Each structure stands twice: as structure tokens, then as C-alpha cells.
Amino acid sequence: MLVAGNWKMFKGAHQAREFAAQLRIVEGRAPDIDVVVCPPFVSLEATVSSLGPESRIQVYAQNVHWELEGAFTGEISPSMLAELGVKGAVVGHSERRQYFGETDEFVGRRAAAALEAGLGVIACVGETEAERESGDTENVLTRQVAAIPEHERLVIAYEPVWAIGTGKTATPEIAQEAHAYIGSLHPAPVLYGGSVKPENAGVLLALPDVAGALVGGASLDLESFEAICRAGAEAT
Ligand code: PGA
């Protein structure tokens, strides 16, 4: 069971350091599940150092480039992340796909380079509302999943775009169906993401093909993130 918190463009270095120190306290009484937090790039170092070497909570970046260095203004390489003690990266988040022109090809290259550098990867897939309504969900998932390499350190996150930050969660039936479909295409464990909250985490995380959660908004608050981790442990 893996619960990952995607902080998106929240928590600068100062806030991240304080939040990580609180996470460290929570970890002491927390159940035994894998926990990842994904701060913005500028807060990675503060988060890693505040969690300290004893923590089991892993720090992932929210994106990663495929080259180790070069003239790629605004990008961060896998080796730069590894040097900070960052253990992995999210790739292909729907906000990257929607607002920053991220393509399946780039998602595949980012994932492959991160894995090659020894990092873990959470690769995101998911259909938009229009794609679901026009009956294209399986085609979209097939195309997105085909770009994702197979590797033991790779995890897929199914995040229906219409459920992200909207408060609309996929019903357990929709989530289970999509997870089972992705599972028929790729061997990686599949996390569910999209408005996961303490109130719905128990049901979603108990679904047979749901291996954990990628949590956005509710991961920014200590109490709700802890409650989701607890729900994950109970569902295991
Ligand atoms: P949300 O975001 O939990 O705020 O819907 C999930 C995500 O984008 O990873």
C-alpha cells in the first residue's frame, strides 16, 4: 500500500520544512505503509533534510527531465534529484499534460531516464470528462499506458482528469473498472488519484485493483493526510 502526497505548487521551502518535521512526528505513530511526498522542486532539499535519514517517508519530485544535463532551461535532471536524496519523480501528471503540452512520448522518456538513474517513478494516466463521455476512456488509457516502461520501481497512478481537484471522485465501480483495465495492459501497481479524502479513502483503497492513492489537496493538511494513510493501512 502506497500513499503519495502531491503538493503541486504549494509549500515553499520554509513551509515544507515545517510540514516535514510534523510528518516525522506523525510517522512515529503511523501505520506501516509506504508514504511518498512530492514537494515543488525548490522545496525538495528542505523536505529531505527535515525528514532526516531515519524517516521511511520518501521524497519524489513532481517532474523530471530525460537528459542528465544540457541546455534545457527550466528543467531538472534525474541525477540532480538523486544528488539531493530525492528517491523518485512523478511523470505525466494531467496538469502537465493539460497546461504544459506534455506528450506520451515525453512521459515515456522522463520515466525511462528516471528509472535508469535509479529513481522510482509514479506515471500518471487518466481520461478527461469529454473522453469518458464520448466512450474513449479505454483508447486513451491504452495509448497513455503504452508509453510507460515496465520496471519494478515504476508505479502507475490512474487519475481521471474530471476528478482532480473537483471534489468529484470516481465511484468505486468506475475506479475498479479502470484499474482492472490498466492492470490488463501493464504489470505495475496502480494508485488511484482524484479528490481522495479521508471520507472516501477507505472504500477506494479497499478495491481489489487499487494499490494506493495519489493525493493532491488532502495531502497539504497533516490531519487529512494522516487519516488517508491510516485508511490505507486498514485496507491492506
Ligand atoms: P486532488 O489531486 O487530490 O486534489 O484531486 C490529485 C492529483 O492531482 O494528484
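So, Val90 first: its bridge partner in strand 5 is Ile122. That contact belongs to the pairing of strand 4, residues 88-91, with strand 5, which is parallel and has 4 bridges. Quick note on words: strands are DSSP runs of E with at least two residues, helices are runs of H or I with at least four, and both are numbered from the N terminus. Two strands count as paired if DSSP finds at least two bridges between them. And what holds such pairs together? Strands of a sheet pair through backbone hydrogen bonds, either parallel or antiparallel.

Before I go on, this is a predicted model, so to speak: local features need pLDDT of at least 70, side-chain atom pairs count only at pLDDT 80 or more, and totals for chains, interfaces and linings use all residues. Residues are numbered from 1 along each chain as its sequence is written, and side-chain values use heavy atoms, with hydrogens and water left out.

Strand 6, residues 154-158, then runs parallel to strand 7 with 3 bridges. There, Ile156 is partnered with Val190 in strand 7.

Now zoom out. How many strands make up the closed barrel? There are 8, in the order 1-2-3-4-5-6-7-8, with parallel pairing. Ignoring direction, neighbouring strands of this sheet are turned against each other by 25 degrees on average. For that angle, axes are lines fitted to C-alpha atoms (for helices, over the stretch in contact), and angles run from 0 to 180 degrees between N-to-C directions.

Buried means under 20% relative accessible area, exposed means over 50%, and partly exposed is in between, using a 1.4 Å probe and protein chains only. In a regular strand the side chains alternate between the two faces of the sheet. In strand 5, Gly120, Ile122 and Cys124 are buried on one side, and Val121, Ala123 and Val125 are buried on the other.

Last stop, two loop residues. Lys11 is not a glycine, yet has a positive phi of about 70 degrees. Lys11 sits in the loop between strand 1 (2-6) and helix 1 (13-29), and is buried, with a relative accessible area of 12%. Ser195 also has a positive phi, near 55 degrees. The loop holding Ser195 lies between strand 7 (190-193) and helix 9 (198-205), and Ser195 counts as buried at 7% relative accessibility.
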